[in-house]
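Thanks for passing this one along. Please have a look at the entry below, and then read through my notes.

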Amino acid sequence: MKVTLIGIDLAKSIFQVCGVNQVGKRVFNRQLRRARLMAFLLQHPEATIAMEACSGSNYWGRTLQQHGFKVMLIPPQHVKPFVKGNKNDRNDAFAITEAARRPDLKCVEPRTLAQTDMIQVHRVLDRMVRQRPALINQIRGFLNDYGIVVAQVKEKLLAALPDLLEDAENGLTLSSRSLLHEMYEQWRQANEAIKRIEKGLKNQARSNDDAQRLMRMKGVAVKIATATIAHAGNGHGYKSGRHFSANLGLVPREYSSGGQQRLGGITKRGNQYLRGLLIQGAWSVVRNVDKNDDRLSRWAKQLVERRGKQKTVVAVANKMARIMWSMLYHQTEYRAN
């Protein structure tokens, strides 16, 4: 029987590969080692390859597309309902083929190498920025145990630490001075590393035409522009601007039944990191509506008067996402007025 669809349960070394025919009947469901996977798939050149969107799926998606395969990367939440019986690799691989045969299934486009480079920079930068406050708070707690309290601003604490370590009369013991010196060096090195990574991100934005066009928009700077490109690419993975904003969780949650429509807060689905950046960018627009006279600022000002700042910020973030999708999809410039 001719295999028309192959579902792969990805792993590090051993992959579960399930092939089905045009009516969805299982033809094979077997394990393959990483080194043999590509040679096996090339025996079925007309088959569509389906995988869950997870670690490694972008690499395999790009590689298979280069060999002429049609690739479907399926969000894991769309596969889970089709797992029958106990959860194991065989059932997971077959569930992927079942999900891939559903009509109107929303799939993910494999990231390009340029998108991968951008998203990795953002992930490392986000981790380092989130870890730094824990180090600062630990330093403050240690100093407080010796009766030393420094102003809340982190720059003041960083500037005060060398003098505190040199002061022999402040009550710090030899062991605490050694430990605090190590923590001070960690903090200083973390600051330098974050600056280097941010500089690299700016260089990526400077050399990317799409990022340059996006940054001409109100509220969009290097982080939002590069994170949007890393997530959306050229925008062709989304059928509309609303589809893109819904993917980021910036549309109302709906719970309707019996002909009665009930809308709540935003869904908060999808890319939490990019959604947070857009909210920050929207705040910069809302805070400066009185200083600007472009179309977005005028619209935001009217909305603030009717609905308040909190709801306006979410609405502005939604509109920013739609505008950026349109600019990427249609390759157009931002028109402020």
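1. A word on ground rules. This is a predicted model, in which local features need pLDDT of at least 70, side-chain atom pairs count only at pLDDT 80 or more, and totals for chains, interfaces and linings use all residues. Residues are numbered from 1 along each chain as its sequence is written, and side-chain values use heavy atoms, with hydrogens and water left out.

2. Salt bridges overall. Searching the whole structure gives eleven salt bridges, each being a side-chain nitrogen of Lys or Arg within 4 Å of a carboxyl oxygen of Asp or Glu. Glu185, Arg188 and Glu192 are joined in a network of such bridges.

3. The Glu46 pair. Glu46 bridges to Lys2, with 2.6 Å between the closest N and O atoms. Glu46 sits in the loop between helix 1 (34–41) and strand 4 (48–52), while Lys2 belongs to the segment before strand 1 (5–9), so the pair ties together parts that are 44 residues apart in sequence. Helices (H or I, at least four residues) and strands (E, at least two) are DSSP runs, numbered from the N terminus. Both Glu46 and Lys2 are exposed; here buried means under 20% relative accessible area, exposed over 50%, and partly exposed in between, with a 1.4 Å probe and protein chains only.

4. Two further pairs. Lys154 and Glu155 form a salt bridge at 3.5 Å, N to O. Lys154 is partly exposed at 36% relative accessible area, and Glu155 is partly exposed at 48%. Arg298 pairs with Asp293, their closest N and O atoms lying 3.8 Å apart; Arg298 is partly exposed at 37%, whereas Asp293 is exposed at 59%.

5. Helix 7 against helix 9. The axes of helix 7 (residues 174–206) and helix 9 (residues 222–232) come within 10 Å and cross at roughly 65°, which makes the two helices roughly perpendicular. Axes are lines fitted to C-alpha atoms, for helices over the stretch in contact, and angles run from 0 to 180 degrees between N-to-C directions. Angles under 35 degrees count as roughly parallel, over 145 as roughly antiparallel, 65 to 115 as roughly perpendicular and the rest as oblique. Glu198, Leu201, Lys202 and Ala205 of helix 7 meet Val222, Lys223 and Thr226 of helix 9, contact meaning heavy atoms within 4.5 Å. These residues divide into three nonpolar, one polar and three charged.

6. Helix 5 against helix 9. The axes of helix 5 (residues 113–145) and helix 9 come within 8 Å, crossing at roughly 125°, and the helices are therefore oblique to each other. On the helix 5 side the contact residues include Met118, Ile119 and His122, and on the helix 9 side Ala227, Ile229 and His231 are among them. The residues of this contact comprise seven nonpolar, four polar and one charged.

7. Two buried residues. Asn191, in helix 7, is buried at 15% relative accessible area. Not counting residues up to four places away in sequence, Asn191 touches Arg132 and Leu158. Met324, in helix 13 (residues 309–330), is buried at 0%. Beyond its neighbours within four places in sequence, Met324 contacts Leu214, Met217, Val220, Ile224, Thr228 and Leu278.

Key. Ala, Val, Leu, Ile, Met, Phe, Trp, Tyr, Cys and Pro count as nonpolar, Asp, Glu, Lys and Arg as charged, and the others, Gly among them, as polar.
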